[in-house]
Amino acid sequence: MTAPKKLFIKTYGCQMNVYDSERMSEALVAEGYVETKTAEDADMILLNTCHIREKAAEKVYSELGRLKSLKADNPDLKIGVAGCVAQAEGEEIMRRQPAVDLVVGPQSYHRLPQMEARLREGHKALDTDFPPEDKFEELKARPKARRAPSAFLTVQEGCDKFCAFCVVPYTRGAEVSRPVTRVLDEARDLVERGVREITLLGQNVNAYHGAGADGNEQTLAQLIWALNDIDGLERIRFTTSHPNDMRDDLIEAHRDCPKLMPYLHLPVQSGSDKILKRMNRSHTADSYLRLIERIRAGRPDILLSGDFIVGFPEETEADFQATLDLIEAVNYGYAYSFKYSTRPGTPAAERAQVDPDEADERLQRIQALITRQQQDIQQSMVGRDVSVLIEKPGRFDGQMVGKSEYLHAVHVDQCNARIGDILPVRIVEAKRNSLAAVALS
C-alpha cells in the first residue's frame with residue numbers, strides 16, 4: 001500500500017489566511033494528502049502569504065530560498081506559494097525562484113486539486129485568476145474533522161474602499177458577500193463538529209450584503225441574528241470592520257443579540273483629518289468618536305480594539321498628536337500599530353515619506369500609550385465575573401486556558417472543565433497579556 005503524501009502549510013498574516021489554509025488543506029486531504037507539522041517531512045509545502053506587512057514579498061523569497069534545499073533530499077517535493085503575495089507577484093515568483101512549482105491566488109485555491117494533478121504530470125501550475133465560480137461552494141463537500149471550540153468563517157471578501165496605503169483591492173478584488181444560506185450551512189456544520197464560537201471574517205465584514213433566502217440582500221446584523229438561532233452556537237464575533245459601514249442595526253445587535261460578544265475591532269488608522277483624507281478613509285476623527293459614543297451607549301461594557309498607521313506620508317508631529325489624542329479619548333482594550341511602509345502600486349507609495357527615525361520614535365510613543373491602556377483595562381477586570389470558553393490545557397497541572405467574552409486570554413487554575421465548556425470564573429489577577437481566574441462552579 002502506498003504511503004499517503006504529506007502536506008505542510010505555513011500561514012502568514014490575517015485570520016482570513018488561517019481560514020483559507022484550512023480550506024486548502026481540506027482540498028488536498030481529499031486528494032490523498034495528510035498534514036505534517038514540519039516542512040522537512042513534507043511532499044508538498046504551501047506558503048499562504050500576506051502582502052500587508054513591510055517587505056512581505058522579500059520575506060517570502062527568503063523563505064523559498066531556505067526551502068529549495070529540501071529538494072536535494074526529496075526530488076519529488078513540490079513547493080507552492082498561495083495568498084496575496086502570489087496574487088501580486090504571479091509568474092514573477094517562479095522566475096525569481098525556479099524551485100517553486102505552484103502559484104495560486106486567494107480566489108483560486110478551490111482549483112488546487114487540478115493544479116496538483118498538473119504537478120504530477122510534470123508541469124508547473126499557475127492560477128491567479130478571479131474565477132466566476134464560487135470557491136466556497138466548490139469546497140463545501142470535504143472531509144469532516146473534529147474542530148476546536150472556536151472557528152473562523154469567511155462571509156465577505158475583497159474591498160471597494162481603495163485606501164491609499166492598501167493592496168487588498170488589487171489582491172483580493174472587489175467586495176463579494178456569500179449568500180446567507182451558505183453561511184448558515186457552514187456554521188451548522190462547524191457546530192456539529194464541536195465549534196461553540198464563530199468569528200465571521202471579511203476584509204470589510206460589516207459591508208456584508210449577502211443574498212437572503214428571498215433573494216434580497218441581508219446586512220451583517222441580519223446574518224448575526226440568523227446565526228443566533230443556531231442551537232449549540234454560543235458565541236458570535238466578527239472582524240474586520242470599517243467605520244463607514246457600522247450601521248444602526250449592527251449597533252443594535254451589539255445591544256440586543258445575546259450571542260454577539262462585547263468586543264469590536266474598529267480600525268481608524270489616524271486621528272488627523274488631514275491624514276485620514278490623504279489615506280482616502282472617508283471618515284473624520286470626530287465622526288469616528290461620535291460613532292464610538294453610539295456603540296457604547298448601546299453596549300456600555302464593550303471592549304474596543306483598533307489599528308493605527310504612524311509615519312504615513314506627510315504626517316506632521318501635530319497630525320501624530322491628534323492620533324494620540326484620539327486614542328486617549330477612546331481608551332482601547334487592544335490596538336495594533338504599525339509604521340507605514342510603501343506598497344508598490346498604491347497612491348501613497350508615490351508621496352513624500354516621513355523620516356524613518358522620526359516614524360520609529362512615533363511608533364514607540366503610540367505603542368507605549370496603547371500598552372498602558374491595555375494594562376489598565378486588564379487590571380480593571382480583577383474581581384469581575386466573566387465566562388470563559390475553554391480552548392486548551394494550560395502549562396500547569398489542573399490549569400485550563402480560554403477566552404472571555406471580551407477576548408481576554410484567561411488561565412483558570414484547579415479547573416475540571418473540558419475543552420469546549422463555557423465556564424463562569426472570577427478574575428483574580430491581571431498579567432501582562434492575560435488574566436488569571438478561579439472557577440465559580
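**Close-up views of a predicted model**

**View 1. D413 stands opposite V438 in β19.** The model is predicted: local features need pLDDT of at least 70, side-chain atom pairs count only at pLDDT 80 or more, and totals for chains, interfaces and linings use all residues. Residues are numbered from 1 along each chain as its sequence is written, and side-chain values use heavy atoms, without hydrogens or water. Strand β17 covers residues 409–413. Four bridges join β17 to β19, and the two strands run parallel. (Strands pair if DSSP finds at least two bridges between them. Strands are DSSP runs of E, at least two residues, and helices are runs of H or I, at least four, numbered from the N terminus.) Strand β18, residues 422–430, also joins β19. Here there are five bridges, and the strands run antiparallel. A430 has L435 of β19 as its bridge partner. Four residues form the hairpin between β18 and β19.

**View 2. L440 follows strand β19.** β19 spans 435–439, and L440 is found in the segment after it. (Buried means under 20%, exposed over 50%, partly exposed in between, with a 1.4 Å probe and protein chains only.) Leaving aside neighbours within four places in sequence, L440 is in contact with D385, P424, V425 and R426. (Contact means heavy atoms within 4.5 Å.) A99 is 341 residues away from L440 along the chain. The C-alpha atoms of L440 and A99 are separated by 56 Å.

**View 3. Three strands form an open sheet in the order β7-β10-β11.** The pairing is parallel. β7 (150–154) and β11 (235–239) stand at the edges. Each edge strand has a single partner strand, so one side of each is left without a neighbour in the sheet. From one strand to the next, the twist averages 25 degrees. (Axes are lines fitted to C-alpha atoms, for helices over the stretch in contact; angles run from 0 to 180 degrees between N-to-C directions.) Helix α9, residues 180–192, packs on the sheet. α9 touches β7 and β10, and its direction makes about 165 degrees with that of β7. Five bridges join β10 to β11. T199 stands opposite R237 in β11.

**View 4. UniProt places a "binding site" at C159, C163 and C166.** The feature comes from an unreviewed entry. (UniProt positions follow the numbering used here, feature names are shortened, and annotations may be inferred rather than shown by experiment.) C159 is found in the loop between β8 (156–157) and α8 (168–171). C166 lies in the loop between β8 and α8. C159 counts as buried, at 10% relative accessibility. C166 is buried, with a relative accessible area of 13%. Which residues does C159 touch, not counting those up to four places away in sequence? They are V168, P169, G173, A174, E175 and N204.

**View 5. N204 sits in the loop between β10 and α10.** β10 spans 197–201, and α10 spans 220–228. N204 counts as buried, at 5% relative accessibility. Not counting residues up to four places away in sequence, N204 touches Q156, G158, C159, K161, E175, T240, H242 and D245.

**View 6. Helix α13 runs roughly parallel to α14.** α13 covers residues 285–298, and α14 covers residues 317–330. Their axes come within 11 Å and cross at roughly 10 degrees. (Roughly parallel means under 35 degrees, roughly antiparallel over 145, roughly perpendicular 65 to 115, and oblique the rest.) α13 makes the contact with A285, Y288, L289, I292 and R296. α14 brings L326, A329 and V330. By class, this contact has seven nonpolar, no polar and one charged residues. (Ala, Val, Leu, Ile, Met, Phe, Trp, Tyr, Cys and Pro count as nonpolar, Asp, Glu, Lys and Arg as charged, the others, Gly among them, as polar.)

**View 7. Helix α11 meets α13.** α11 covers residues 248–256. The axes of α11 and α13 come within 8 Å and cross at roughly 35 degrees. D248, I251 and R255 of α11 make the contact. On α13, the partners are L291, R294, I295 and G298. The residues of this contact divide into three nonpolar, one polar and three charged.

**View 8. T371 belongs to helix α15.** α15 covers residues 356–380. T371 is partly exposed, with a relative accessible area of 32%. In sequence, T371 and G215 are 156 residues apart. In space, they are 46 Å apart, C-alpha to C-alpha.
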